[in-house]
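This report covers a pocket, a sheet and a helix pair. The structure comes first, and the description follows.

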Amino acid sequence: MGIYEELQWRGLIKDVSSPQIREKLNAGGMTFYIGTDPTGDSLHIGHFSSFLISKRLKEAGHNPILLVGGGTGLIGDPKPDSERPMITREEVNHNFECLKKQAQQLFGFEVVNNYDWYKDINFIDYLRDFGKYFNVGMMLNKDIVRRRLETGITYTEFSYMILQALDFWYLYENKHCTLQVAGQDQWGNITAGIDLIRKKSGAEAYGFTMPLLTKADGSKFGKTNGQAIWLDINKTSAYEMYQFFINSEDSKVIDYLKFLTFLSREEIEALEEKNRTAPHLREAHKALAREVITFIHGEAAFRSAEKIAATLFGGDLRDLSFDELKQGTADMPKVGIEEGQPLIDVLIQAGMAKSRREARELIQGGSIQVNGEKVTDLSAQLRRADAFQQQLTVLRRGKKNYTVCEFDRTTKE
């Protein structure tokens, strides 16, 4: 199976600009680029899906270039429903440096910035050397532009297609790049670049798109909804990433394995069978979490995330480091408490009991744990000296009902 057939099996090819792409991809030796604009200071899991294509093609004998658009990031590509907010040059430059570092650490490929060639083009040259090759009727017929015409699209957004085509032209001229790879929403921009290269030089360039990585409801992975899974471990911990993949929809987990891992067809098909016959074991989900987290953060980070999950489900919290405890409790409900506050009162404050009577019954029935230890003493109090690093006390009711108690710093002994 050649690389084209493998990408097809994984569901990673949607549109192709030419039937010749199959032969060219399988033959190797092409220089290609894939890009993103620095609208944030970290890549997220949606980028990861796309950028893995670079590694797959690299291993098949192609030469990747990763473009982080310090120039196009100042403009913003048109969204389907509204104009993107402008971000400052300082933000764009900061984000570029962050993404460049992150991409090089993860993939080790060359990273370029399109601002480097935009900054020397004046407006007259832009119109004469590039604008004259674009037919307005053709541009209006592009899907993303056509969808925005009813609500309105600015000239700035409208020009984005020309800038991305210019990128392809520049990389063709200066780095012998003949292939662009992108998400399916960039198809119009890819074909615009192919047309520009053909019109200016007579040469043939190529492109293909990937389906966007989506959830079961069809929404894509990104930062728009405020729930991005970031590749920066300081923004999304390894444990948060672990929980995200472990809780993936059963209907999507095999697609995620194909998109996000380098497991073989045989391995994925075996996991697909396990997912069908014994979904409660979560074997496919565990493999997904292991492969992605190990690739991004290393095996130690994955093992730590796995340990946190196992401990919170039924282990001894004292086996966790304080950093692991903070990771594991980051999304849990939190309450502020005072030194020596009665456990019964805290259970009510935390919403773990509706009344003092219920709180007493829970304690007497052995349903309450404090820092991993069952407490049956009705007079129990929460003290800073017993907290993890004198900061956090973890309450647990039953198997999954957790609350983190944080001591008021003004009451420190």
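## The second largest pocket

In this predicted model, 18 residues line the second largest pocket, and those nearest its centre are Y239, Q243, A309, F313 and K400. Two elements each give two or more residues to this lining: α12 (238-246) and α16 (299-314). Of the elements, α16 supplies the largest share, with five residues.

The second largest pocket holds about 490 Å³ of space. Sorted by class, its lining contains ten nonpolar, three polar and five charged residues.

Strands of a sheet pair through backbone hydrogen bonds, either parallel or antiparallel. Here five strands form an open sheet in the order β3-β2-β1-β4-β5, and the pairing is parallel. The edges are formed by β3 (110-112) and β5 (206-210), each of which pairs on one side only. From one strand to the next, the twist averages 30°.

One of the pairings joins β1 (residues 31-36) to β2 (residues 63-68), in the parallel sense and over six bridges. Within this pairing, T36 has V68 of β2 as its bridge partner.

## Helices on the sheet

Helix α2 (residues 20-27) packs on the sheet, where it touches β4 (177-183) and β5. The direction of α2 makes about 90° with that of β5.

Helix α10 (residues 160-175) also packs on the sheet, and its contacts are with β1, β2, β3, β4 and β5. Between the direction of α10 and that of β4 the angle is about 145°.

## The contact of α3 with α15

Two packed helices are described by the angle between their axes and the distance between the axes. For helix α3 (residues 45-59) and helix α15 (residues 283-297), the axes come within 13 Å and cross at roughly 80°. Angles of 65 to 115 degrees count as roughly perpendicular, and α3 and α15 are therefore roughly perpendicular to each other.

On the α3 side, the contact is made by I45, F48, L52 and K55. On the α15 side, V292, F295 and I296 take part. By class, the residues of this contact comprise six nonpolar and one charged, with no polar residue.

Notes: Residues are numbered from 1 along each chain as its sequence is written. This is a predicted model: local features need pLDDT of at least 70, side-chain atom pairs count only at pLDDT 80 or more; totals for chains, interfaces and linings use all residues. Side-chain values use heavy atoms; hydrogens and water are left out. On a 1 Å grid over the protein atoms alone, a cavity is a set of points where a 1.4 Å probe fits but cannot get out, and a pocket is an open set with protein on both sides within 12 Å along at least five of seven lines; lining residues have an atom within 4 Å of a point. Grid points are joined across faces, edges and corners, and a volume is the space filled by probe spheres set on the points. Helices (H or I, at least four residues) and strands (E, at least two) are DSSP runs, numbered from the N terminus. Ala, Val, Leu, Ile, Met, Phe, Trp, Tyr, Cys and Pro count as nonpolar, Asp, Glu, Lys and Arg as charged, and the others, Gly among them, as polar. Two strands pair if DSSP finds at least two bridges between them. Axes are lines fitted to C-alpha atoms, for helices over the stretch in contact, and angles run from 0 to 180 degrees between N-to-C directions. Contact means heavy atoms within 4.5 Å. Angles under 35 degrees count as roughly parallel, over 145 as roughly antiparallel, 65 to 115 as roughly perpendicular and the rest as oblique.
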